[in-house]
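Subject: Structure handover

Hi,

Here is the structure I promised to pass on.

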Amino acid sequence: MEKTKIPAHVGIIMDGNGRWANLRGKNRSYGHRAGTANVERITEHAFNSGVKTLSLYAFSSENWARPKTEVDELMRLLGLYFKKFLKKMQREKIRVAVMGDISALSEKLQQVIAKSVDATKANDRGILNIGVNYGGRQEVVYAVNKLIESNQPITVENISANLYSAEFGEPDLIIRTGGELRLSNFMLYQGAYAELYFTDVLWPDFNEAEFDKAIEEYGHRHRRFGKVQ
Ligand code: IPE
Ligand code: IPE
Ligand code: MG
C-alpha cells in the first residue's frame, strides 16, 4: 500500500454481529463470539499500522434494553475478553482504558476491568479505550456535573477536559461497520470533527484489508475544521 496519512485516534462502532450470525442460521450470541474474536485481530492490526489510540464501542448505555440472555452473554464475553487480552496487551505494551459508567456492571466484572486498567497503565505503545455502558450524551452530563460540583464555568474546553476519556483526545476517524448510517450515541462531543467512514461489512467480517480501506479513504479526506483552506 502507498504510504498514507495514519489517523492518530480511531473510533470503531463494531456493529453487525447479530445479522452476521442470523445469515448463518445461528443465534445472536454466536455472532457476538465471532465479533469478540475480531477485536483481537483488528486491535493488533491497528496498532501495527501506527494508530496510537483505538476507541472501541463494545456496549452502549442503550444495549441494556436487549433480551437478558443476550446482555448476559455480552457481559460474559467482556469478562473473558479483558482476562484473555491482558497478557497480550502487556506483551504489546498497550494501555487498556475504559470509558462509560462501569458502576452498573457486576462487582466481578468491574474487578476484572480494573485489573486490566491498572496492570497496563504504564504501557506507552498505544491506548485501547473500550466503551462499556457508554453513551455520548451521558458522558456530556457526567462532565457538566463534574464542573458544577467543582464550581467551574461550563465552557466547551471545560466539558472536553472532563469527558470520560478526556486525556485521550478526539477521534480523527470514526468507522462504523454493519451498514447503518448513524452514530448511536458514540463519541458525540469529541467526535464533532471526526471523519466518518461507513461500511456495509458486518463486524465479524471486518478484517485487516477492510481496516486498510478505511485508512486509505481517510488519507484522501480534507479536514477544514470550519476554516477556509
Ligand atoms: C454489535 O452488533 C454489538 C453490540 C451492539 C454489542 P449487534 O448486536 O448490534 O448486531 P446487529 O446490528 O443486530 O446485526
Ligand atoms: C451501537 O450498535 C452499539 C455498539 C456497537 C456497541 P447498536 O446496534 O446498538 O445501534 P443501533 O441500535 O442500531 O442504533
Ligand atoms: Mg446493531
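The largest nonpolar core has 38 residues, and the members that touch the most others are Ile-12, Leu-128, Ile-175 and Phe-211. By a nonpolar core I mean a set of buried Ala, Val, Leu, Ile, Met, Phe, Trp, Tyr and Cys residues joined through side-chain atoms within 4.5 Å; buried means under 20% relative accessible area, exposed over 50%, and partly exposed in between, with a 1.4 Å probe and protein chains only. Helix H3 (residues 68–92) gives the most to this core, eight residues in total. Helices (H or I, at least four residues) and strands (E, at least two) are DSSP runs, numbered from the N terminus. Apart from this core lies another one of eight residues, including Tyr-57, Met-99, Tyr-134 and Ala-194. As background, nonpolar side chains tend to be buried together in soluble globular proteins.

Before you read on: this is a predicted model, where local features need pLDDT of at least 70 and side-chain atom pairs count only at pLDDT 80 or more, while totals for chains, interfaces and linings use all residues. Residues are numbered from 1 along each chain as its sequence is written, chains are lettered from A and ligands numbered from 1 in the order in which they are written, and side-chain values use heavy atoms, with hydrogens and water left out.

Back to Ile-12: leaving out residues up to four places away in sequence, its contacts (heavy atoms within 4.5 Å) include Ile-42, Leu-54, Tyr-57, Ile-175, Trp-203 and Phe-211.

Now the ligands. Ligand 1 is surrounded by 13 residues, the closest being Asp-15, Gly-18, Arg-19, Arg-28 and Arg-66; a residue counts here if one of its heavy atoms lies within 4 Å. An oxygen atom of ligand 1 lies 2.9 Å from a backbone N or O atom of Gly-18, and for a polar backbone atom of Arg-19 the distance to a ligand 1 oxygen is 2.7 Å. Arg-28 uses its side chain, with a polar atom 2.8 Å from an oxygen atom of ligand 1. On its own ligand 1 has 370 Å² of accessible area, and the protein covers 87% of that (areas by the Shrake-Rupley method with a 1.4 Å probe; for residues, only the protein chains shown count as cover).

Around ligand 2 you will find, among others, Tyr-57, Asn-63, Arg-66, Arg-176, Arg-182 and Ser-184. Arg-182 has a side-chain N or O atom 2.8 Å from an oxygen atom of ligand 2; for Arg-66 a polar side-chain atom lies 3.2 Å from a ligand 2 oxygen, and for a side-chain N or O atom of Arg-176 the figure is 3.3 Å. Ligand 2 exposes 390 Å² when taken alone, and the protein buries 78% of that.

Asp-15 sits in the loop between strand S1 (9–13) and helix H1 (17–23). Asp-15 is buried, at 18% relative accessible area. Neighbours within four places in sequence aside, Asp-15 is in contact with Arg-176, Thr-177, Gly-178, Glu-180, Leu-202 and Trp-203.

Lys-84 is in helix H3, and is exposed, with a relative accessible area of 55%.

Cheers

Terms used: A polar contact is a pair of N or O atoms within 3.5 Å; within protein, one must be able to donate a hydrogen and the other to accept it, and residues adjacent in sequence count only if both atoms are side-chain atoms.
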